[in-house]
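Visitor: Could you take me through the strands and the charged pairs of this model, with the criteria behind each term?

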Amino acid sequence: MSNRKLSNGALASLIIVVVILLDQAVKVWVKTHFYYGESYDVFSWFKIQFIENNGMAFGWELGGKLFLTCFRIIAVIAFTWYLYRLRHAATVPRGYVACIAGITAGAAGNVIDCIFYGRLFDASSFTHIAEAFPAAGGYAPWFYGRVVDMLYFPLASWDWPEWLPWIGGEHFIFFQPVFNIADAALTVSVAVLILFYARNLGNDEQP
């Protein structure tokens, strides 16, 4: 009998629920309290900056909007099914299960935005803060909502020397992408999975 206090299924469910609830709570708060593009300085190297995007993590674009939404839904279903297979795999490392759950939660968090936000909120702008359940209807049809991003870490900045080709004289900011909690959960989980658990991929019984 396994001496684990928390089963794989319970661990995965806990991670998914916590990530999605935290992600959605922050997104709804930012969406209903910030003008589009508004920024709040938490520290010099960390800002809350409200933007939206149609793409994948960190605002990357891949195909059309409906394609992206359907891709996310299929990915969530696939990873959920895989976690279901792992629920009784006692020899699989817990960290591996946690990574798969983090990926699933990250994908699901952004799926919620894509499916529902277009109908649940009116459009954010530089002069208007979005309202939930607007009387006039949402800003987009079902499955066409935009993903809310807000975490911005401009850790360092500098001006490139004038003598450099192509980039000389330009101002550079590191790190520029604005992302959300779902993006962070997905990206960190993928990185840890590749670094420490790559040999477990596709094998739900062997450690």
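Guide: We can start with the pairing of strands. This is a predicted model, in which local features need pLDDT of at least 70 and side-chain atom pairs count only at pLDDT 80 or more, while totals for chains, interfaces and linings use all residues. Residues are numbered from 1 along each chain as its sequence is written, and side-chain values use heavy atoms, with hydrogens and water left out.

Visitor: How many bridges join β2 to strand β3?

Guide: Strands here are DSSP runs of E with at least two residues, and helices are runs of H or I with at least four, both numbered from the N terminus; two strands pair if DSSP finds at least two bridges between them. Strand β3 covers residues 147-152 and runs antiparallel to β2, and the number of bridges joining them is 5.

Visitor: Which residue in β3 is the bridge partner of Lys47, and which residue stands opposite Lys47 on the β1 side?

Guide: Strand β1 (residues 39-43) is antiparallel to β2, with 4 bridges between them, and a hairpin of 2 residues connects the two. In β3 the partner of Lys47 is Tyr152, whereas the residue opposite Lys47 on the other side is Asp41.

Visitor: Why is strand β2 largely enclosed by the rest of the structure?

Guide: Buried means under 20% relative accessible area, exposed means over 50%, and partly exposed lies in between, using a 1.4 Å probe and protein chains only. Strand β2 spans residues 46-53, and it is largely enclosed because the buried residues number 7 of the 8.

Visitor: What is the distance between the closest N and O atoms of Lys47 and Asp41?

Guide: A salt bridge requires a side-chain nitrogen of Lys or Arg within 4 Å of a carboxyl oxygen of Asp or Glu. Lys47 counts as buried at 17% relative accessibility, while Asp41 is partly exposed at 47%. Their closest N and O atoms form a salt bridge at a distance of 3.0 Å.

Visitor: Which residue meets Glu52 in a salt bridge?

Guide: Glu52 is buried, at 10% relative accessibility, and its salt bridge has an N to O distance of 3.5 Å. The partner is 94 residues away, in the loop between α3 and β3, and is partly exposed at 25%. That residue is Arg146.

Visitor: How far apart in sequence are the parts that Asp113 and Lys27 tie together?

Guide: Asp113 and Lys27 are both buried, and their salt bridge brings the closest N and O atoms to 3.1 Å. Because Asp113 lies in helix α3 (residues 94-120) and Lys27 in helix α1 (residues 8-31), the pair ties together parts whose separation in sequence is 86 residues.
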